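Let's walk through this model together, one question at a time. Have the viewer open beside you.

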Amino acid sequence: MTSSTIRPASDYPPGGDAFRHRHLTGIAQLTPWEISYILDAAEEWVELNRSGAAKHDDRLAGLTIINAFFENSTRTLLSFEIAGKRLGADVVNMHAAQSSVKKGETLIDTAMTLNAMRADAIVIRHASSGAVQLIADKVDCPVLNAGDGRHEHPTQALLDALTIRRRLGRVEGLTIAICGDVLHSRVARSNILALTLLGNEVRVVAPATLTPPAMERMHVATFTDMDEGLKDADVVMMLRLQNERMDGAYLPSAREYHTLYGLTPQRLEKAKPDAIVMHPGPMNRGVEIDSSIADDPARSTITEQVEMGVAVRMACLDILTRRQRGVPGWN
Ligand code: NCD
């Protein structure tokens, strides 16, 4: 996919044709211009959040949003909660032990329960890949995927794309190295889909045991050597070692992992001089990333990513609820 497939901001199809989906379950369903449409909308929310003006916008007043999180989360849950509340919605958070919802039947029951509560939007995080789509198929309101297993985490990829676009002026034609535990990462998967779709060169840099199979089918080059993988990269995206998803010995030790794959200032020198460093959080300092890089505002975009997260989620909640709010052109 080349950048010529990206529509300029002024050239979206009108009204609801600009974003035709009822749910946001993954990046895989989106076109490049649908991604740009969300990013442009989010861009406006960044400015309104900064000026304080967003506090006076209550376009989601009277709507109930359920955050159904079957897996632990701090920043994503908080981010969706703030996004909904800032637009005037009533936001209800539901935490559930993941062990109680492991079976398909139970999940469908959960979906029916959530549906019976007549929410206007449901945000779901679940440990099983595909669980969010399954629930989306059963409920009457828009569903937003806040991370399902190793599958997708679309709002994370969107906030990452927005962060890159703001820092580097574009999110196309860049070389982007996604480094670390790619095998277990829904963040990596959604980012690979979004960033290749937008016309970037995406590389995966990971030990062989943490590299998913058939990466070439996703148009991604794989590297097991960190120095080679980082060479001339514009963006270095570090991932957390997802120990909770590892059911065997993928690595000799965290210390050896740091020696071979930890992002140190020396290693970062392989990338372009103005390369940015990203991390979705939570970070394992001293394992996949050194504190001196994580805390360097000239290179690290980590806090900016969190800020962009709220704006992107405001944009997604607004866009996905336009049909039930009767916004003209969104039937
Ligand atoms: C990520 C997740 O939960 O997939 N965190 C997040 O949403 N910011 C990544 C992770 O847990 O490492």
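Two strands pair if DSSP finds at least two bridges between them. Helices (H or I, at least four residues) and strands (E, at least two) are DSSP runs, numbered from the N terminus.

This is a predicted model, where local features need pLDDT of at least 70, side-chain atom pairs count only at pLDDT 80 or more, and totals for chains, interfaces and linings use all residues. Residues are numbered from 1 along each chain as its sequence is written, and side-chain values use heavy atoms, with hydrogens and water left out.

Q: How many bridges join strand S8 to S9?
A: Strand S8 covers residues 235-238 and runs parallel to S9. Met-237 stands opposite Met-278 in S9. The number of bridges joining the two is 3.

Q: Which are the edge strands of the open sheet?
A: The sheet has 5 strands, in the order S7-S6-S5-S8-S9, with parallel pairing.

Q: Is H1 roughly perpendicular or roughly parallel to H5?
A: Helix H1 (residues 32-51) packs against helix H5 (residues 154-168) with axes 10 Å apart, at an angle of about 70 degrees. Axes are lines fitted to C-alpha atoms, for helices over the stretch in contact, and angles run from 0 to 180 degrees between N-to-C directions. Angles under 35 degrees count as roughly parallel, over 145 as roughly antiparallel, 65 to 115 as roughly perpendicular and the rest as oblique. H1 is therefore, relative to H5, roughly perpendicular.
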